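Morning, everyone. Please have a look at the structure on the screen, and then I'll walk you through it.

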Amino acid sequence: DDVMRRAIAGIVAMGLLAMPAAAQRAEARGPAVTRGDAQVLALAFGAALGVSTLDQRISDAMRTSSLHDNAAARSVMDGARVVGDPGSLIASVGLWAVGRARGDRTQELVGLRALESVVASGIVTGGIKGLVGRARPNVSPGNAHSIALLSGLRDGSDYQSFPSGHTTAAFAFASAVDAEWGRLSPGRPRWVAPALYGVAALTGISRVFHDRHWASDVVMGGAIGYVTGRAITRWHADAPQAP
């Protein structure tokens, strides 16, 4: 979380410096968030509400699962957690840097869109976390509905469970890479999208496995990340790229 916060702060500062030019180009683009995006988020919120009725049962089952005694399962879950933070940021910067060094414009843009999506979705999720103030499972193990508005701002990470930031970042990366790569290289391998979203889903599962999030946190985080990646890719595609 600290790595992501520092990265977000730095990129937001750079974004503020670039705002005048961005404002001029924005006039040529369509809306960043469409009605379809809003519908996806609404459906996800409804799904999260539904899943929340099972949060306690799922958390209890995961906490007592024999998988915790399996070294291979623990390694997979540990790796999936890293994918969300800092993996999504590192991978985004890596794609951009390697693409730029090689003169591969497609790879450069895929990395850039992924980076923008991870940062933007992190800002959205971070704001919601602070406002909702939901206690994490390891803080309130017997009460999946421990919510105190604004306590996420007052009391820090222990009360920033909803939505899952790691899951948001993983799905933002997957969504942006899938959308931008598909737009620029329609003939890319078919296994790319399933692999991206499969790893992102594992990241969400790992957060429940590690007792850091309720299942409904993961559902909402995944939706925010997915929509952000699509929205940013679409927004840039609506107008010619800046030189």
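Let's start with one residue. At 37% relative accessibility, arginine 183 counts as partly exposed. Its partner is glutamate 180: the two side chains meet in a salt bridge, 3.1 Å from N to O. Is glutamate 180 buried or exposed? Glutamate 180 is buried, because its relative accessible area is 0%. Both residues sit in helix H8, three residues apart, which is about one turn of the helix. Salt bridges with shared partners tie Arg113, Glu116, Glu180 and Arg183 into one network.

A quick word on the idea behind that. Side chains of opposite charge can pair when their charged atoms come close.

One caution before I go on. This is a predicted model.

Now the overview. The protein chain has 243 residues, and 42% of them count as buried. How many helices and strands does the chain have? The count is 10 helices and zero strands. So from the N terminus on, you read α-α-α-α-α-α-α-α-α-α. Take the contacts between residues at least 6 apart in sequence: 79% of them join residues at least 24 apart.

Let me show you two others.

Look at aspartate 178 and arginine 230. Their closest N and O atoms are 2.5 Å apart. Where do the two partners lie? Aspartate 178 is in helix H8, and arginine 230 is in helix H10, residues 215-237. That is 52 residues apart, so this pair links distant parts of the chain. Aspartate 178 is buried, at 7% relative accessible area. Arginine 230, at 25%, counts as partly exposed.

The other one is arginine 105 with glutamate 108. Here the closest N and O atoms are 3.5 Å apart. Both residues lie in helix H6, three residues apart, about one turn of the helix. Arginine 105 is partly exposed, with a relative accessible area of 40%. Glutamate 108 counts as buried, at 10%.

Next, helix packing. Two packed helices are described by the angle between their axes and the distance between the axes. Take H8, residues 165-184, and H9, residues 192-209. Their axes come within 8 Å and cross at roughly 175 degrees. That makes H8 roughly antiparallel to H9. Which residues make the contact? On the H8 side they include His166, Phe171, Phe173, Val177 and Trp181. On the H9 side they include Val192, Leu196, Tyr197, Thr203 and Arg207.

Let's follow the chain past H9. Histidine 210 is in the loop between H9 and H10. At 24% relative accessibility, histidine 210 counts as partly exposed. Leaving aside neighbours within four places in sequence, histidine 210 is in contact with Met77, Asp78 and Arg81. Now compare histidine 210 with proline 137. They are 73 residues apart in sequence, but 9.5 Å apart in space, C-alpha to C-alpha.

Now some backbone details. Most residues other than glycine have a negative phi, and most peptide bonds are trans. Which residues have a positive phi here? Aspartate 211 has one, about 65 degrees, although it is not a glycine. Aspartate 211 lies in the loop between H9 and H10, and is buried at 15% relative accessible area. Leucine 150 has a positive phi as well, about 75 degrees. Leucine 150 is in the loop between H6 and H7 and counts as partly exposed, at 38%.

What about cis peptide bonds? One runs from aspartate 85 to proline 86, with omega near 10 degrees. Proline 86 is in helix H5, residues 71-102. Another runs from phenylalanine 162 to proline 163, with omega near -10 degrees. Proline 163 sits in the loop between H7 and H8.

Last stop, the surface. Leu131, Ile147, Leu149, Leu150 and Leu153 make a nonpolar patch of about 510 Å². Leucine 149 lies in the loop between helix H6 and helix H7. Is leucine 149 buried or exposed? Leucine 149 is exposed, because its relative accessible area is 63%.

That's my tour. Over to you.

Conventions:
Residues are numbered from 1 along each chain as its sequence is written. This is a predicted model: local features need pLDDT of at least 70, side-chain atom pairs count only at pLDDT 80 or more; totals for chains, interfaces and linings use all residues. Side-chain values use heavy atoms; hydrogens and water are left out. Patches are made of residues with over 30% relative accessible area and no salt bridge: like charges are joined within 9 Å, nonpolar side chains (Val, Leu, Ile, Met, Phe, Trp, Tyr) within 5 Å. Accessible areas come from the Shrake-Rupley method with a 1.4 Å probe; for residues, only the protein chains shown count as cover. A salt bridge is a side-chain nitrogen of Lys or Arg within 4 Å of a carboxyl oxygen of Asp or Glu. Helices (H or I, at least four residues) and strands (E, at least two) are DSSP runs, numbered from the N terminus. Buried means under 20% relative accessible area, exposed over 50%, partly exposed in between (1.4 Å probe, protein chains only). Axes are lines fitted to C-alpha atoms, for helices over the stretch in contact, and angles run from 0 to 180 degrees between N-to-C directions. Angles under 35 degrees count as roughly parallel, over 145 as roughly antiparallel, 65 to 115 as roughly perpendicular and the rest as oblique. Contact means heavy atoms within 4.5 Å.
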